[in-house]
Amino acid sequence: MAPGQSGTTGEAHTPLTSDQRNSFIAALLGWMMDAFDYFIVVFVYADIAKEFHISLTEVAFLTTATLLMRPVGAVIFGLWADRKGRRIPLLVDVSFYSVVGFLCAFAPNFTVLIVLRLLYGIGMGGEWGLGAALAMEKIPAKRRGLFSGILQQGYSLGYLLASLASLIVISTAGLSWRWLFALSIIPALISLWIRTRVRESEVWEETQERMRMTQSSFRDVLFNPTILRRFVYLILLMTAFNWMSHGTQDIYPTFLKATDQGGAGLSGAAASWIAIAYTIGATIGGIAFGALSQKYGRRYTIVFCSILGLPIIPLFAYSHTAAMLCLGSFLMQVMVQGAWGVIPAHLTEMSPDTIRGFYPGVTYQLGNCLAAFNLPIQQALARSHGYPFALAATIVPVFLAVIILSLIGKEARGIEFGGRLGTEQTDPSPVRS
């Protein structure tokens, strides 16, 4: 077998072991609950503004606060995971953000809620990188694209769960926004229970042994010039990706319900049903294009989705009927999350074994941090120019940025984990499976 290739053809059809399955399910549920708790705010920040007597622009900072703290969590839990293993840091992380998310239900004022969302951002920042690293290290290389797409759609499923919860708890039952945070503890605890059944990453254990034999260190790998340049590049790529995601999701429920500033003026129930529809589109796109990236390559799949997203923008932002807005948002999320479905595999494949707990999560979350002001900017643009302009003016540039950055980058599709400390192999040339 040639170096970097991914085993036999039968590997693509071999059932996952119980450990592989538990690792993947735990990562999927963990990321789903992160997204659920994050997007709860998107659906209820008008209710929060009303209760605490503050403006929508001020409440929009709740999402910014969460995103700003994600890199802190990625660094803390990523460094811990690369030194001590993936399993224990993940258990601590899930426990931490579950409790903090639950406590948001009891915030007595906006200041306390901001502090809790800052702390939640730390937990959210640690979840994705560690969960993706552990899951992708255990999934067979020839199936990495498919499972990458499914894993990343934990985010869309979390959005869907938040949409359904908002519809049931607020629109149907008429309960307070606080109930959404209180109920989030239940699925979070289910995720924690599954994580207790997952064994340590064999790739991490083998890497630790090779590091001892070669006397390599974390610092040697991270500050290798090639690895460092790639680190900066991936931060830029993830900044564009996160702006693309948040730019098409965060303000959209408010746009659907707004009766001024060019909003669609739909009822809360109608907006929730449209959110459910476009989240289903996101899930379909992520899984389908994640799987296709295994055949056609990570970068070309991303570029294809981004190019197709551009002509959908007028339908997505400027439609006037619920049916057309539903269609536009559905198609938009197929493309946006189709590109995102590639990312768990792409970032973990681009990472040396030695720093895979740290590297994907930190590049992802630093990109998120740089994109954190998307919602306040969109809200400000909507106030001055209307919601349709705010959506279009922020989405078009990031689609172009994603296309350009993807084309100039590299990939390591199908590479076997366990052979790259980061000092002996620093150029992840594309691997054809």
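Trainee: Is F358 buried or exposed?
Mentor: F358 is buried, at a relative accessible area of 8%. Buried means under 20% relative accessible area, exposed means over 50%, and partly exposed is in between (1.4 Å probe, protein chains only).

Trainee: What sort of model is this?
Mentor: It is a predicted model, where local features need pLDDT of at least 70 and side-chain atom pairs count only at pLDDT 80 or more, while totals for chains, interfaces and linings use all residues. Residues are numbered from 1 along each chain as its sequence is written, and side-chain values use heavy atoms, with hydrogens and water left out.

Trainee: How many aromatic pairs are there in the whole structure?
Mentor: A search finds 21. Rings of Phe, Tyr and Trp (its six-membered ring) pair if their centres lie within 6.5 Å; planes under 30 degrees apart are stacked, over 60 edge-to-face, and the rest tilted. One of the pairs is W31 with Y155, stacked at 5.2 Å centre to centre with 25 degrees between the planes.

Trainee: Which parts does that pair tie together?
Mentor: W31 is in helix α1 and Y155 in helix α5 (residues 144-172), so the pair joins parts 124 residues apart in sequence. Helices here are DSSP runs (H or I, at least four residues; strands are E, at least two), numbered from the N terminus. Both W31 and Y155 are buried.

Trainee: And F358, what does it pair with?
Mentor: F358 stacks with F231, 6.2 Å centre to centre and 10 degrees between the planes. F231 is in helix α10 (residues 225-249) and F358 in the loop between α16 (343-349) and α17 (359-370), 127 residues apart. F231 is buried too, at 12% relative accessible area.

Trainee: Which ring does the charged end of R356 sit over?
Mentor: That of F417, 3.8 Å from its centre. The rule is NZ of Lys or CZ of Arg within 6 Å of the ring centre and within 35 degrees of the ring normal. R299 likewise has its charged end over the ring of Y300, 5.2 Å from the centre.

Trainee: New topic. What is the phi of H53?
Mentor: Positive, about 60 degrees, although H53 is not a glycine. Most residues other than glycine have a negative phi. H53 is in the loop between α1 and α2 (56-84), and is exposed at 71% relative accessibility.

Trainee: Where does Q261 lie?
Mentor: In the loop between α11 (252-257) and α12 (268-296). Q261 has a positive phi of about 55 degrees and is partly exposed, at 28%.
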